Amino acid sequence: MEFFILGFLPYLTLLVFIPAMAYRIRVWIKTPQPAAITLFPAPVGKAATFWGVFRESLFFPGLFLGDKFLWASAWIFHATLALIVVGHIRVFTDFPGLWAALGINADRMSAISGGTAGLLILAMALVLLARRLAIRRVREVTNFADTLVLLLIIAVLVTGNALRFGEHFNLELTRRYFSQLAGFSLSAESLPGSPMFTLHFLLAQLLFVFLPFSKILHLGGIFFTQTLIQRA
(Lines give C-alpha, C1' and ligand atoms only; values in the text may rest on other atoms or scores of the structure.)
Protein backbone atom coordinates (compact mmCIF):
# COMPACT_ATOMS: atom_id res chain seq x y z
CA MET A 1 0.00 0.00 0.00
CA GLU A 2 2.84 2.40 0.81
CA PHE A 3 4.47 1.78 -2.56
CA PHE A 4 1.09 2.23 -4.30
CA ILE A 5 0.51 5.62 -2.62
CA LEU A 6 4.08 6.88 -3.05
CA GLY A 7 5.22 5.04 -6.17
CA PHE A 8 2.18 4.68 -8.43
CA LEU A 9 -0.53 7.09 -7.34
CA PRO A 10 1.51 10.30 -8.04
CA TYR A 11 1.62 9.45 -11.75
CA LEU A 12 -2.10 8.69 -11.79
CA THR A 13 -2.76 11.99 -10.00
CA LEU A 14 -0.90 13.90 -12.70
CA LEU A 15 -2.76 11.99 -15.43
CA VAL A 16 -6.01 13.30 -13.95
CA PHE A 17 -4.88 16.76 -12.83
CA ILE A 18 -3.12 17.96 -15.98
CA PRO A 19 -5.88 17.16 -18.54
CA ALA A 20 -8.57 18.42 -16.16
CA MET A 21 -6.70 21.69 -15.65
CA ALA A 22 -6.13 22.01 -19.40
CA TYR A 23 -9.88 21.58 -19.95
CA ARG A 24 -10.74 24.21 -17.32
CA ILE A 25 -8.27 26.68 -18.83
CA ARG A 26 -9.77 26.03 -22.27
CA VAL A 27 -13.23 26.80 -20.89
CA TRP A 28 -11.96 30.02 -19.29
CA ILE A 29 -10.29 31.13 -22.52
CA LYS A 30 -13.40 30.45 -24.58
CA THR A 31 -15.69 32.29 -22.16
CA PRO A 32 -17.04 35.35 -24.05
CA GLN A 33 -15.72 38.60 -22.63
CA PRO A 34 -17.15 42.06 -23.28
CA ALA A 35 -15.08 44.71 -24.96
CA ALA A 36 -13.63 47.37 -22.69
CA ILE A 37 -15.95 50.32 -22.20
CA THR A 38 -14.94 53.89 -21.60
CA LEU A 39 -17.59 55.15 -19.18
CA PHE A 40 -15.96 56.64 -16.08
CA PRO A 41 -14.99 55.10 -13.62
CA ALA A 42 -14.67 51.79 -15.51
CA PRO A 43 -11.05 50.80 -16.35
CA VAL A 44 -9.94 51.92 -19.79
CA GLY A 45 -7.47 49.91 -21.84
CA LYS A 46 -5.42 46.80 -21.12
CA ALA A 47 -3.11 48.46 -18.58
CA ALA A 48 -5.99 49.60 -16.40
CA THR A 49 -7.66 46.20 -16.72
CA PHE A 50 -4.44 44.44 -15.72
CA TRP A 51 -4.01 46.68 -12.67
CA GLY A 52 -7.61 46.05 -11.61
CA VAL A 53 -7.14 42.27 -11.90
CA PHE A 54 -3.81 42.41 -10.08
CA ARG A 55 -5.23 44.49 -7.21
CA GLU A 56 -8.28 42.27 -6.81
CA SER A 57 -6.20 39.08 -6.99
CA LEU A 58 -3.65 40.26 -4.44
CA PHE A 59 -5.63 42.37 -1.98
CA PHE A 60 -9.32 41.33 -2.44
CA PRO A 61 -10.69 44.91 -2.19
CA GLY A 62 -14.14 43.78 -3.34
CA LEU A 63 -14.34 41.27 -0.50
CA PHE A 64 -13.04 43.90 1.94
CA LEU A 65 -15.98 46.17 1.12
CA GLY A 66 -18.47 43.35 1.53
CA ASP A 67 -17.26 41.43 4.61
CA LYS A 68 -14.19 42.62 6.49
CA PHE A 69 -13.99 39.60 8.80
CA LEU A 70 -14.14 37.18 5.86
CA TRP A 71 -11.61 39.36 4.02
CA ALA A 72 -9.13 39.17 6.92
CA SER A 73 -9.55 35.40 7.29
CA ALA A 74 -9.29 34.74 3.54
CA TRP A 75 -6.33 37.07 3.03
CA ILE A 76 -4.33 35.54 5.89
CA PHE A 77 -5.21 32.07 4.61
CA HIS A 78 -4.02 32.80 1.07
CA ALA A 79 -0.91 34.69 2.20
CA THR A 80 0.23 31.86 4.46
CA LEU A 81 -0.65 29.34 1.74
CA ALA A 82 1.68 31.16 -0.66
CA LEU A 83 4.43 31.10 1.98
CA ILE A 84 3.92 27.37 2.53
CA VAL A 85 4.01 26.63 -1.21
CA VAL A 86 7.31 28.51 -1.54
CA GLY A 87 8.66 26.75 1.56
CA HIS A 88 7.83 23.34 0.10
CA ILE A 89 10.46 23.94 -2.59
CA ARG A 90 13.03 22.89 0.05
CA VAL A 91 11.31 19.51 0.26
CA PHE A 92 12.36 18.82 -3.34
CA THR A 93 15.70 20.63 -3.50
CA ASP A 94 17.88 23.09 -1.61
CA PHE A 95 20.08 26.10 -2.35
CA PRO A 96 22.98 25.98 0.13
CA GLY A 97 25.04 28.47 -1.90
CA LEU A 98 22.23 31.03 -1.77
CA TRP A 99 21.74 30.62 1.99
CA ALA A 100 25.48 30.96 2.59
CA ALA A 101 25.67 34.10 0.46
CA LEU A 102 22.75 35.64 2.35
CA GLY A 103 24.05 34.48 5.73
CA ILE A 104 20.79 32.64 6.46
CA ASN A 105 20.36 29.48 8.50
CA ALA A 106 17.78 27.85 6.23
CA ASP A 107 16.77 25.15 8.72
CA ARG A 108 16.13 27.68 11.49
CA MET A 109 14.27 30.04 9.16
CA SER A 110 12.16 27.16 7.87
CA ALA A 111 11.35 25.97 11.38
CA ILE A 112 10.20 29.40 12.53
CA SER A 113 8.41 30.68 9.42
CA GLY A 114 7.08 27.30 8.33
CA GLY A 115 5.85 26.39 11.79
CA THR A 116 4.14 29.73 12.25
CA ALA A 117 2.54 29.58 8.79
CA GLY A 118 1.36 26.02 9.36
CA LEU A 119 -0.43 26.87 12.60
CA LEU A 120 -1.83 30.15 11.27
CA ILE A 121 -3.28 28.67 8.08
CA LEU A 122 -4.84 25.81 10.05
CA ALA A 123 -6.51 28.32 12.37
CA MET A 124 -7.86 30.30 9.41
CA ALA A 125 -9.14 27.12 7.72
CA LEU A 126 -11.01 26.21 10.91
CA VAL A 127 -12.44 29.74 11.06
CA LEU A 128 -13.68 29.45 7.46
CA LEU A 129 -15.21 26.04 8.22
CA ALA A 130 -16.94 27.38 11.34
CA ARG A 131 -18.28 30.30 9.30
CA ARG A 132 -19.79 27.92 6.76
CA LEU A 133 -21.50 25.95 9.50
CA ALA A 134 -22.53 28.78 11.83
CA ILE A 135 -23.87 31.50 9.50
CA ARG A 136 -27.23 30.58 8.04
CA ARG A 137 -26.96 32.53 4.78
CA VAL A 138 -23.56 30.92 4.10
CA ARG A 139 -24.79 27.46 5.09
CA GLU A 140 -27.70 27.74 2.67
CA VAL A 141 -25.40 28.19 -0.34
CA THR A 142 -22.84 25.60 0.83
CA ASN A 143 -23.12 22.14 -0.67
CA PHE A 144 -21.49 18.89 0.39
CA ALA A 145 -18.56 19.29 -2.00
CA ASP A 146 -17.71 22.72 -0.54
CA THR A 147 -17.51 21.28 2.97
CA LEU A 148 -15.67 18.16 1.81
CA VAL A 149 -12.87 20.08 0.11
CA LEU A 150 -12.43 22.33 3.14
CA LEU A 151 -12.22 19.27 5.40
CA LEU A 152 -9.68 17.76 3.01
CA ILE A 153 -7.58 20.94 3.17
CA ILE A 154 -7.73 20.85 6.97
CA ALA A 155 -6.63 17.19 6.95
CA VAL A 156 -3.65 18.08 4.73
CA LEU A 157 -2.72 20.91 7.11
CA VAL A 158 -3.07 18.76 10.24
CA THR A 159 -0.84 16.01 8.84
CA GLY A 160 1.66 18.60 7.58
CA ASN A 161 1.87 20.17 11.05
CA ALA A 162 2.23 16.69 12.56
CA LEU A 163 5.28 16.12 10.34
CA ARG A 164 6.80 19.43 11.40
CA PHE A 165 6.09 19.31 15.13
CA GLY A 166 5.77 15.59 15.82
CA GLU A 167 7.32 12.79 13.83
CA HIS A 168 10.94 13.19 12.74
CA PHE A 169 11.07 14.24 9.10
CA ASN A 170 14.11 13.09 7.10
CA LEU A 171 14.48 15.85 4.54
CA GLU A 172 17.38 14.32 2.62
CA LEU A 173 15.61 10.98 2.27
CA THR A 174 12.47 12.73 1.06
CA ARG A 175 14.45 14.70 -1.53
CA ARG A 176 15.98 11.47 -2.81
CA TYR A 177 12.51 9.94 -3.02
CA PHE A 178 11.14 12.82 -5.12
CA SER A 179 14.25 12.81 -7.30
CA GLN A 180 13.80 9.14 -8.12
CA LEU A 181 10.05 9.59 -8.55
CA ALA A 182 10.66 12.33 -11.13
CA GLY A 183 13.23 10.13 -12.88
CA PHE A 184 10.91 7.09 -13.00
CA SER A 185 13.52 5.11 -11.09
CA LEU A 186 11.85 4.68 -7.71
CA SER A 187 12.61 1.58 -5.67
CA ALA A 188 11.01 0.31 -2.49
CA GLU A 189 14.24 1.05 -0.60
CA SER A 190 13.94 4.76 -1.48
CA LEU A 191 10.59 5.32 0.22
CA PRO A 192 10.74 7.77 3.15
CA GLY A 193 9.36 5.12 5.50
CA SER A 194 7.15 7.59 7.37
CA PRO A 195 3.46 6.67 7.85
CA MET A 196 2.59 10.32 8.53
CA PHE A 197 4.35 11.46 5.35
CA THR A 198 2.50 8.75 3.39
CA LEU A 199 -0.84 9.94 4.79
CA HIS A 200 0.02 13.60 4.17
CA PHE A 201 1.04 12.92 0.58
CA LEU A 202 -2.05 10.77 -0.03
CA LEU A 203 -4.35 13.56 1.18
CA ALA A 204 -2.45 16.12 -0.93
CA GLN A 205 -2.90 13.95 -4.02
CA LEU A 206 -6.61 13.58 -3.35
CA LEU A 207 -6.82 17.37 -3.08
CA PHE A 208 -5.02 17.81 -6.42
CA VAL A 209 -7.41 15.34 -8.10
CA PHE A 210 -10.44 17.13 -6.68
CA LEU A 211 -9.14 20.66 -7.33
CA PRO A 212 -9.94 21.02 -11.08
CA PHE A 213 -13.54 19.98 -10.45
CA SER A 214 -14.19 22.19 -7.42
CA LYS A 215 -15.28 25.78 -6.86
CA ILE A 216 -12.05 26.59 -5.03
CA LEU A 217 -10.14 26.54 -8.32
CA HIS A 218 -9.58 30.30 -8.39
CA LEU A 219 -5.79 29.98 -8.59
CA GLY A 220 -5.97 30.43 -12.35
CA GLY A 221 -9.61 31.18 -12.95
CA ILE A 222 -9.47 34.45 -11.05
CA PHE A 223 -7.35 36.00 -13.81
CA PHE A 224 -10.01 35.17 -16.40
CA THR A 225 -13.11 36.02 -14.35
CA GLN A 226 -11.62 39.19 -12.92
CA THR A 227 -10.59 40.33 -16.39
CA LEU A 228 -14.21 39.92 -17.46
CA ILE A 229 -15.47 41.81 -14.39
CA GLN A 230 -12.96 44.64 -14.74
CA ARG A 231 -13.74 45.11 -18.43
CA ALA A 232 -17.51 44.89 -17.88
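**Entry 1. Helix α8**

I started with Arg136 and Glu140, which sit four residues apart in helix α8 (residues 136-140) and are therefore separated by about one helical turn. The model is predicted. I looked up the side chains of this pair and found that Arg136 and Glu140 meet in a salt bridge, 3.1 Å from N to O. Are these two ends buried or exposed? Arg136 is exposed, with a relative accessible area of 59%. Glu140 counts as exposed too, at 56% relative accessibility.

The structure holds seven salt bridges.

I took Arg90 next. Its salt bridge with Asp94 has the closest N and O atoms 3.3 Å apart. Arg90 also meets Asp107 in a salt bridge, with 3.0 Å from N to O.

I checked the accessibility of each partner. Arg90 counts as buried, at 11% relative accessibility. Asp94 is partly exposed at 24%. Asp107 counts as exposed at 53%.

**Entry 2. The nonpolar cores**

I turned to the largest nonpolar core and counted 19 residues in it. Which of them touch the most other members? I found Phe77, Leu157 and Leu207. Two or more residues of this core come from each of α4 (68-87), α7 (106-134), α9 (144-165) and α11.

Setting aside residues up to four places away in sequence, Leu157 touches Ile121, Leu122 and Ala125.

There is also a second, separate core of eleven residues. I noted Val91, Phe178, Leu181 and Leu191 among them.

**Entry 3. Helix α9**

I checked the length of α9. At 1.5 Å a residue, its 22 residues should span 32 Å, and the end C-alpha atoms are 31 Å apart, which agrees.

Which side chain caps the N-terminal end of α9? I found Asn143, with a side-chain oxygen 3.2 Å from the backbone nitrogen of Ala145.

I listed the buried positions of α9. Among them are Asp146, Thr147, Val149, Leu150, Leu152, Ile153 and Ile154. Further along I noted Val156, Leu157, Thr159, Asn161 and Leu163, also buried. I then asked what the buried residues of α9 pack against. The answer is α4, α7 and α11.

**Entry 4. Thr13 in helix α1**

I looked up Thr13 and placed it in helix α1 (residues 2-30). Is Thr13 buried or exposed? At 7% relative accessibility, Thr13 counts as buried. Its contacts include Gln205, Phe208 and Val209, leaving out residues up to four places away in sequence.

**Entry 5. Aromatic pairs and Phe184**

I searched the whole structure for aromatic pairs and got twelve. I picked Tyr11 and Phe184 from the search. Their ring centres are 5.2 Å apart and their planes lie at 15°, so the pair is stacked. Tyr11 is in helix α1 and Phe184 in the loop between α10 and α11, so the pair ties together parts that are 173 residues apart in sequence.

I compared the exposure of the two rings' residues. Tyr11 counts as partly exposed, at 25% relative accessibility. Phe184 is exposed, with a relative accessible area of 66%.

I stayed with Phe184. Its loop runs between α10 (171-182) and α11 (195-210). I also looked at the backbone there. Phe184 has a positive phi of about 55°, although it is not a glycine.

Last, I asked which residues the ring pairs link into a cluster. I noted Phe92, Tyr177, Phe178, Phe197 and Phe201. Phe178 was already on my page, as one of the residues in the second core.

Conventions:
Residues numbered from 1 in each chain as written. Predicted model: local features only at pLDDT ≥ 70, side-chain atom pairs only at ≥ 80, totals over all residues. Heavy atoms only, no water. Buried < 20%, exposed > 50% of the residue type's maximum accessible area, 1.4 Å probe, protein only. Core = buried A, V, L, I, M, F, W, Y, C linked by side-chain atoms within 4.5 Å. Contact = heavy atoms within 4.5 Å. Salt bridge = Lys/Arg side-chain N within 4 Å of Asp/Glu carboxyl O. Expected span 1.5 Å × (residues − 1). Polar contact = N/O pair within 3.5 Å; in protein donor to acceptor, adjacent residues only side chain to side chain. Phe/Tyr/Trp six-rings, centres within 6.5 Å; stacked < 30°, edge-to-face > 60°.
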